[in-house]
Structures are given as structure tokens and as C-alpha cells.
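Hello,

Here is the structure I promised to pass on to you. Have a look at it first, and then read on for what turned up in it.

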Amino acid sequence: MRQLGDLDCKGKRVLIRADLNVPLNENLEITDDNRIKQFLPTLQAVLEKGGRAILMSHLGEPSGADSAFSLKPVARRLSELLGTDVALASDCVGAEVSKLASDLKDGQVLLLENLRFHSGEKKNDPEFASQLAKLGDVFVSDAFATAHRNHASMVGVPKLFKEKSAGLLMQKELDYYYKALEKPKKPLCVVIGGSKVSSKLTALINLSSKADKLIIGGAMANTFLAAQGLQMGRSLYEPELAGKALELLGTLARRDCKVYLPVDVVVAPNLNSKGLGRAVPVQEIPADTMALDIGPATSLLFKEALHTAETIVWNGPMGAYENEDFARGTHDMCESIANTHALTVVGGGDTDAAIHHMQLAHKFSFISTAGGAFLALLEGNSLPGIKALE
Ligand code: ADP
Ligand code: MG
């Protein structure tokens, strides 16, 4: 795969697929502009190389052209951050857009309207891809967070270009993945949390062949504890996965991968409880309560397990962090990881949200901009949006 540094952009129309899918509130204001900020270096590099930037992205899940999903707020924010005008086209294909693209001058930026206004995007329709591809002379993909999708702009379009490369963010995401999971400095400690074993079972199986230590927290851990015969009260867990959980523990034991499960949990009547949480040993979960966070003894245990790691990969919160009462375990995990000297790589939509909410992002070597694509890498899958660049 070529890097942006090796791509000739001078005087060229550089068609760039970015992931500018940022969250908006009901007033259509951006609530987190991290993805726009992370894309800036690629855009600036293309402009410095004398290119004319034509940007494509999706936003949300519109059904047809719906102004609530317009990239207008993105164009405005991008223009502020870049300090140059960013023109927004009224569509992403068609005669008017072609004219705007061909009239573009060196150093100028044109943002195309939401790709998902056309059903051809998600269907990877060849006709739609060919219309998009005609807008550029060379192609750059920086949309790592969408790389697991077999969509037109991610797969169909790059296949039509000879001159193409990864953007700087895409490259950085892949470099960190490689350093953390393909050629990690050992010991490699993987921390997995979040809500369901079922959504991460494939990742757990793949990681179980790589990790030297596996730390399991969140509701995910409840399934493992229940499988070992503990009474989980009204906690969220998946009894039907008990067999798979035990099988996985057996595989890990045979590989001499050390597994760490919670020894205490914070219990409360429900997810919205306020001021009622208390820590109990996992052997003593009251029948009418839910385990909603890891307890202080577990935080200490996990901290000690992390201490010797040279590489740490983390996905999934340690508790129901959206409620402050159950955010402590996730906060402790941030601190523990930060206090190691390891290379630390984090990914996952909720994990990222929790870390940013707690203002602890600076404590990590790298936080992926992706949820689904990061998980797909953890599962050991090759990503269609990356294969199409090779
Ligand atoms: P990510 O998006 O980082 O991959 P997940 O989506 O797998 O993470 O999991 C995050 C969700 O898991 C959060 O909504 C959080 O509230 C929930 N969660 C974590 N631990 C628990 C728990 N013990 N009980 C209920 N929900 C939990
Ligand atoms: Mg999530």
C-alpha cells in the first residue's frame, strides 16, 4: 500500500474519502469534532503538495437526501479549523458537482454532500462508483473508521484508480495496530470490557491466540463469572454463552495466557440508581441487584496485572460508565494503563467516549477513531477499504 508521501498531488484533483461522520445534537451542532481534527493533517498535506482537494464522507444513516444529515456543519467546522474556505457541493455526483470539481484551483477544498443520500453508496453500485471516480485524478483514503464497510466510496472507487494511497490517519491507525497486535513487544496484555460476550466473541477467540494476559471486565465479565457457577443476581449476562466462555478459558489456560476476572463488583438495584452502589465480593452478589462496575479490589488486581506489560490493547468500558456512580472502574483502568511504560492502544466507540468524557485521552499512546473497524481488526479480519488500496 502506498503512502501519501509517495503520491504526486501537484495540480491534481485529489479525491479524498474521509470519515467525517461526527455526532450532532438536535440543533444540528457538532458535539464532538475529533474525527474532523484527526483528518486535518492529511488534508493539509495534500494542499501543501499543491493538490486540489475533493472530499467525500457519509454522515449518519439517512434514507435518501435528508437535510438533517447534511454535511453543512462539517464544512463550517472544517473551514474554521483549516482557516480556509471549504465549499460544500449540493450533492456528491451530477453535472453541477463535476463542474465545481473541474473548476477547483490548487490549494482549494470542495466537500461533497453526504454519500449516503444515494443508495448506490452502501450497495457499492459500480455506476455510482464510476461517477464519483470521475471527479478526481488521484485517490486518497483516510476513512479508517469506515474501512470495514464494502461501500462504493471505500471499495468501488479506489479500484478505479491507479494512483492512490492511504492518508496519514489511515496509515497511523494501521501502524499502531501492527505495533500492538502483529508485532507487539511482549508481554502483550489485552483488556476487554463492554456489554456483551456475543458481540466480541470472535475478537476474544482471535486475541486469545496472541495475548500473554487477558483482563476481562464490564458486563462481559459477568458471563464468565456466571459460567463458573457464580450467582449474578439481576446482572446483564448471557447464560447461553456459558459453554463458549468455559471453552475459551480452557484454551487460554493451555496456552498459558493468564486470565484476570473481577474479584469484586459494584452492585445497585438498576442502571439509573443514584447513591445506592456498593462493592461486594463476586461470591456475594445479592439476588435483587445488578453488577454494574468492577470494585476497588479488582481495580487493584488489574493494575498489578498491567504493571509488567510492554504492550496494552484496550477495548470496552469496565462498567456502565454513562452513570457516574458506575464510572469509577473505567476511570481506574485509564489511570492504571497510563501508569505503565507500555505502548497503549485503545479502540471502541464507548471506550473512546468514556476516556474523552473523563479527559484522560492524553494518557494513551494512541486512541483509534474507529469502533467497528477496530473491532474487525481485533477479530483478525482484513478490511475491504484497506484491501482496495493495495
Ligand atoms: P465499545 O463501544 O467501546 O466497544 P461496548 O459497546 O462493547 O464498548 O460496551 C459499552 C457498553 O457496555 C456501555 O453502554 C456500558 O454501559 C455497558 N456496560 C459495561 N459494563 C456493564 C455492566 N456491568 N452492566 C451493564 N452494562 C455495562
Ligand atoms: Mg459501543
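A helix here is a DSSP run of H or I with at least four residues, numbered from the N terminus. Please keep in mind that this is a predicted model.

Let me begin with the ligand. Which helix gives the most to the shell around ligand 1? That is α13, with three residues. Along with α13, α9 (218-227) and β12 (290-294) each supply at least two residues of this shell. There are 19 residues around ligand 1, and Lys200, Ala291, Glu322, Asp350 and Thr351 come nearest. By class, the shell holds seven nonpolar, nine polar and three charged residues.

An oxygen atom of ligand 1 lies 2.5 Å from an N or O atom in the side chain of glutamate 322. For the side chain of asparagine 315, the distance from an oxygen atom of the ligand to an N or O atom is 3.1 Å. At serine 195, a polar backbone atom is 3.3 Å from an oxygen atom of ligand 1. On its own, ligand 1 has 580 Å² of accessible area, and the protein covers 85% of that.

Now to the strands. β13 (residues 311-315) and β14 (residues 343-346) run parallel and are joined by four bridges, with threonine 311 opposite leucine 343. Together with helix α12 (residues 328-338), they make a right-handed β-α-β unit. β14 also runs parallel to β15 (residues 366-367), through two bridges; here valine 345 has phenylalanine 366 as its bridge partner. Helix α13 (residues 349-357) returns at this point, making a right-handed β-α-β unit with β14 and β15.

Best wishes

Key:
Residues are numbered from 1 along each chain as its sequence is written. Chains are lettered from A and ligands numbered from 1 in the order in which they are written. This is a predicted model: local features need pLDDT of at least 70, side-chain atom pairs count only at pLDDT 80 or more; totals for chains, interfaces and linings use all residues. Side-chain values use heavy atoms; hydrogens and water are left out. Two strands pair if DSSP finds at least two bridges between them. A crossover is right-handed if, with the strands pointing away from the viewer, the path from the first strand over the helix to the second runs clockwise. A residue is near a molecule or strand if one of its heavy atoms lies within 4 Å of it. A polar contact is a pair of N or O atoms within 3.5 Å; within protein, one must be able to donate a hydrogen and the other to accept it, and residues adjacent in sequence count only if both atoms are side-chain atoms. Accessible areas come from the Shrake-Rupley method with a 1.4 Å probe; for residues, only the protein chains shown count as cover. Ala, Val, Leu, Ile, Met, Phe, Trp, Tyr, Cys and Pro count as nonpolar, Asp, Glu, Lys and Arg as charged, and the others, Gly among them, as polar.
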